[in-house]
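Please read it alongside the model.

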Amino acid sequence: MNRQVLFVFLLSLHSVFAQVSYSIPEERPKGSLVGNIAQDLGLDIKRLMSGKAKIYTRNSDEYVELNRERGVLLVKERIDREALCTETELCALHFQIILENPMEFYTVTVQITDINDNAPTFEKREMTFKISESAMVGAKFVLGRAEDLDVEINGIQHYELKPTDNFALKLHNNADGNKNVEMVLQKPLDREKQDQMSLMLTAVDGGEPQMSGTMLILITVLDANDNAPVFTQQTYKATVTENSSKGTVVAAVTASDADQGSNSKITYSITDTIGNIRNMFEINMETGNVSVIGNIDFEKSKHFQVNLGASDDGGLTDSCKLIIDVQDVNDNKPEINIMSKSNVISEDAELSTVVTMINIEDLDSGDNGNVKCFISENVPFLLKASTNNFYSLVTDSDLDRERASEYNITVTCSDEGVPSLSSSVTLTLQISDVNDNEPVFERSSYEAYIVENNTPGVSIFTVRATDADWNQNARVSYILEDSSVNGVPVSSYVSVSADSGVIHAVRSFDYEQIKDFQFRVKAQDGGSPPLSSNVTVKMMIQDQNDNPPQVLYPVQTGGSVVAEMVPRSADVGYLVTKVVAVDVDSGQNAWLSYKLQKATDRALFEVGSQNGEIRTIRQVSDKDSVKQRLSVTVEDNGQPSRSATVIVNVAVADSFPEVLSEFSDFPHDKEYNDNLTFYLVLALAVVSFLFITCLVVIISVKIYRWRQSRILYHSNLPVIPYYPPRYSDTLGTTGTLQHVYNYEVCRTTDSRKSDCKFGRAGSQNVLIMDPSCSGTMQRIQSEKSILDEPDSPLEVRLP
């Protein structure tokens, strides 16, 4: 319960005046507490008893009673706010409390607040309409509105119409706060499909709990009639004086219908109009009289054209127009005329540049015709008065298109009448651009990355610059500035798209040749003169696994067999040799790993995966073969990985003869030596024949010239020994011997036996051996031919 108390005390002639107010909701049950009047008035309960306190009211009905023993006001009868206050929203009970000895007088006001105890109700429970099936879409039908005795939120809040297949609900707010409810045809009717329709209109209030009321709408669909109403004139003319009082009849229109019955009953209405015609005029639906309902102003509208329509009950219509001329009365506002104006002004315009010139006219006279004009604030313009009723709008400060590209300037002119009348106009002014901003790159510098072995022409990166100017002044072109990289023009490395700023690779890059380089890109706008800015781009070449590992040691020779010698006394972990490889790539593409791919005896040797060292993994025994062939794979860590393979020959022996006997027994060498002997003998025979022929020719010439002389020429071919090349020791720490045995192999044409003679010792640790050892050569040419064959020598590295 809300309670509001107000006290006013007046002391005069032993009488007291005070006022107190309470607020209670309606429909409280009998005996409900209204307020503690004794406490609120500051009275003792004994004073109420001794003063015989009582309630005085002008009305015969008493809704509140006083309980003197408790000093409280109680509800005497159930209070219905709607019955008590039928025409006002504010409802209150006013009564007085009077005490005697001495006399005291108190005024009490009890505000009765509304509760949602009334549902919306319609005046009619149902409405009936007869609508022709030829009725046009958009036809309106007025429905009765509901009434709710409750007020404010407990009153009607909205309406609902169901179903909405053919009709929609439309509400119009009236000036008195009520709503006109209309039903609008949205879909044409078809009597043949449905000749009777039932709709339900529901009014809903906003109380708690929410309550509603309904009205049934019955629609009978009529068949189309044959004759439409016809106006007596297509155009009516009338005259009305400006500021005519509401209800003044302007004109009367008449239409007739040749049909009979309901189809001949004509209803007049204002149809589609331009402007606020409906707010100015109305037409009597039955008589066709057009009357004024709004304020007519000659200065606003000198003429009105009212489109009128006549329709019968069958839905057929005819139309005409009513042209109303308005007679002037002196009530004019100032009129603003734009004499000359610029829609666009450059942002570099000088101060006091004239933008617009205006002329002010007011048809009134005296003070009512004196006009003063001003413009809106916070704009860089000034309104100057040149002569009477002429003004010019000029620039008052510097303009900047980038800060404001458009101004809406409102010019307001007011006269000096009482009340003052005024007019205003808004001028829109565009600020044109001047090229006063250079392009700005998004970053102060760029870094771009590209993987080597790229395709020429591929796009790498995009630089982008923006220009705060507009149109052509903001159109940015990108230019690659001239520079060189390692003495080569940068244009042979990259190119820049002038429009998009996309950087393309001109060539395919090789990380092993160039890892990074820098160049500058200039952004230039299209202004005149153009403005530009530069940015540095650093191009980083990223490595790709495009190089396989390269084996540096052992060196693979095509004409000899290189062997590492391991004594049979070698211990476990004996270092046989070391495979050395490099990869010109970088990063993980150059991380190398070694593994033993194939081996004559995999249980004898192992390869270090990281260092490439070949070591024994067990004790060498007499049963191990002298010839050991290892295939080692070197693989990098790229994706995909690349590899190289090296063949390492190992001789397991304690002496060279043992090595020679093993490595000389190759079937293909025997066959090779047999063929070689045949070709050597053949070559010797041919050379001997040519030599003898030459001797015979020479002797014949000598005999012819010097017949007296005879010279016997005899020549023997010398025997030239052959010494094979020597090899230096590069792996002194591998345990190789410090002496070299040089074997010279000589052959004869008729013997398959061989004689081996040892040369003197040297400081090298490499020995070249001939596996065949088939004979001694008699000619240096034959000896050289044999030794130059690619598969003849054998190199053995000694530990």
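**Notes on the predicted model**

1. C373 is a buried residue, because its relative accessible area is 14%, which is under the 20% limit. The model is a predicted one.

2. The partner of C373 is C413: the two form a disulfide in which the sulfur atoms lie 2.0 Å apart. The link of C373 and C413 is right-handed, with 110° about the S-S bond. Since C373 belongs to strand 30 and C413 to strand 33, the pair ties together parts that are 40 residues apart in sequence. C413 also counts as buried, because its relative accessibility is 0%.

3. Strand 30 and strand 33 (residues 406-415) run in the antiparallel sense, with 5 bridges between them. Within this region, K372 stands opposite S414 of strand 33. In general, strands of a sheet pair through backbone hydrogen bonds, either parallel or antiparallel.

4. How many disulfides does a search of the whole structure find? The search gives 2. One of them joins C85 to C91, with an S to S distance of 1.9 Å. The torsion about the S-S bond of C85 and C91 is about 70°, so this disulfide is right-handed. C85 counts as buried at 12% relative accessibility, and C91 counts as buried at 2%. With the bonded cysteines numbered in sequence order, the pairing is 1-2, 3-4.

5. C320 counts as buried at 5% relative accessibility, whereas C694, at 46%, counts as partly exposed.

6. N118 lies in the loop between strand 8 (104-113) and strand 9 (121-122). Is N118 buried or exposed? N118 counts as buried, because its relative accessibility is 19% and the limit is 20%. The side chains of N118 and E82 are joined by a polar contact of 3.3 Å. Leaving aside residues up to four places away in sequence, N118 touches E82, D148, L149, D150, D205 and M211.

7. For the protein overall, there are 7 helices and 58 strands. Of the 799 residues, 39% are buried. Among contacts with a separation of 6 or more, 66% come from residues 24 or more positions apart. The accessible surface is about 45,400 Å², and 50% of this surface belongs to carbon and sulfur atoms.

Conventions
Residues are numbered from 1 along each chain as its sequence is written. This is a predicted model: local features need pLDDT of at least 70, side-chain atom pairs count only at pLDDT 80 or more; totals for chains, interfaces and linings use all residues. Side-chain values use heavy atoms; hydrogens and water are left out. Helices (H or I, at least four residues) and strands (E, at least two) are DSSP runs, numbered from the N terminus. Buried means under 20% relative accessible area, exposed over 50%, partly exposed in between (1.4 Å probe, protein chains only). A polar contact is a pair of N or O atoms within 3.5 Å; within protein, one must be able to donate a hydrogen and the other to accept it, and residues adjacent in sequence count only if both atoms are side-chain atoms. Contact means heavy atoms within 4.5 Å. Two strands pair if DSSP finds at least two bridges between them. Accessible areas come from the Shrake-Rupley method with a 1.4 Å probe; for residues, only the protein chains shown count as cover. A disulfide is a pair of cysteine sulfur atoms within 2.5 Å.
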